[in-house]
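Trainee: Could we go through this model together, one question at a time, starting with its charged side chains and then turning to its rings and its surface?

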Amino acid sequence: MRFIGYLLLLALIAYGLWPYYSLYRLDGALVRPDTTELATLVDLPAIRANYKRRLSAGVSGMLPAADPQSVSGWIQQNVERLGDSALEQTITLDWVREALGDAITRVTGQSPPYLIGAVDFAFFESYDRFLIRLGRLGESATHIRLSRIGTQWTITDII
């Protein structure tokens with residue numbers, strides 16, 4: 001019975017360390033010029049969907065609620081359509097590398113930027129979501145959200 005308890009404790013510790021290992025892999029992938037490892041650690045469609053959701057919330061907050069036949073309804077539909085194509089073109093692996101590199105350099109002043117040196121906070125939000133904060137809270141910190149997708153932790157949002 002004690003053996004089973006130790007196995008459960010070991011499994012819990014391994015699960016708790018798993019996203020930190022992904023953070024270590026992400027640090028190495030950002031420094032390398034090749035983007036193949038970075039591509040395995042980033043979920044671009046999820047990042048685009050999160051930015052689209054925030055963009056849509058901002059547009060709907062700026063424009064009054066109206067039916068689709070009105071001018072403001074037409075503007076809102078076109079902004080959403082243009083937003084989709086703009087996000088497809090803008091949010092790429094190079095954009096992720098540049099955004100994280102700029103955030104790391106802003107926090108640490110290092111050149112080349114090392115991710116682990118900029119991490120101020122990293123912990124679970126839930127059993128399948130992990131939040132990393134680059135910089136101090138309230139000082140224009142950048143947040144990276146990792147989500148467990150299958151057997152891997154991947155970046156699903158950069159805030």
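Mentor: Let us begin with a term: a salt bridge is a side-chain nitrogen of Lys or Arg within 4 Å of a carboxyl oxygen of Asp or Glu. This is a predicted model, in which local features need pLDDT of at least 70 and side-chain atom pairs count only at pLDDT 80 or more, while totals for chains, interfaces and linings use all residues. Residues are numbered from 1 along each chain as its sequence is written, and side-chain values use heavy atoms, with hydrogens and water left out.

Trainee: How far apart are the closest N and O atoms in the salt bridge of Asp 157 with Arg 145?
Mentor: Helices (H or I, at least four residues) and strands (E, at least two) are DSSP runs numbered from the N terminus. In the salt bridge between Asp 157 and Arg 145, the closest N and O atoms are separated by 3.6 Å.

Trainee: Why does the pair of Asp 157 and Arg 145 tie together parts of the chain, and how many residues apart are they in sequence?
Mentor: Buried means under 20% relative accessible area, exposed over 50%, and partly exposed in between, with a 1.4 Å probe and protein chains only. Asp 157 and Arg 145 are both buried, and the relative accessible area of Arg 145 is 16%. Because Asp 157 belongs to strand S4 (residues 152-158) and Arg 145 to strand S3 (residues 142-149), their pairing ties together parts whose separation in sequence is 12 residues.

Trainee: Which residues are linked with Arg 145 in a network of salt bridges?
Mentor: Arg 145 also meets Glu 125 in a salt bridge, at 2.9 Å from N to O. Since Arg 145 lies in strand S3 and Glu 125 in strand S1, this pair ties together parts 20 residues apart in sequence, and Glu 125 counts as partly exposed at 38% relative accessibility. The network that holds Arg 145 also includes Arg 54, Glu 125, Arg 129 and Asp 157.

Trainee: How many salt bridges does a search of the whole structure find?
Mentor: The bridges named so far include that of Asp 120 with Arg 133 and that of Arg 145 with Glu 125. For the whole structure, the search gives a total of 8.

Trainee: What angle lies between the ring planes of Tyr 15 and Trp 18?
Mentor: Rings of Phe, Tyr and Trp (its six-membered ring) pair if their centres lie within 6.5 Å, and planes under 30 degrees apart count as stacked, over 60 as edge-to-face and the rest as tilted. The search of the whole structure finds 11 aromatic pairs. One of them is the edge-to-face pair of Tyr 15 and Trp 18, with 5.7 Å from centre to centre and an angle between the planes of 70°.

Trainee: By about how much of a helix are Tyr 15 and Trp 18 separated?
Mentor: Tyr 15 is partly exposed, with a relative accessible area of 25%, and Trp 18 is partly exposed as well, at 27%. Because these two residues are 3 residues apart in helix H1 (residues 2-31), their separation is about one helical turn.

Trainee: Which element gives the most residues to the nonpolar patch?
Mentor: Patches are made of residues with over 30% relative accessible area and no salt bridge, like charges being joined within 9 Å and nonpolar side chains (Val, Leu, Ile, Met, Phe, Trp, Tyr) within 5 Å; accessible areas come from the Shrake-Rupley method with a 1.4 Å probe, and for residues only the protein chains shown count as cover. The nonpolar patch covers about 820 Å², and its members include Tyr 6, Leu 9 and Phe 121. Phe 121 lies in strand S1 and counts as partly exposed at 34% relative accessibility. The element that gives the most, with 6 residues, is H1.
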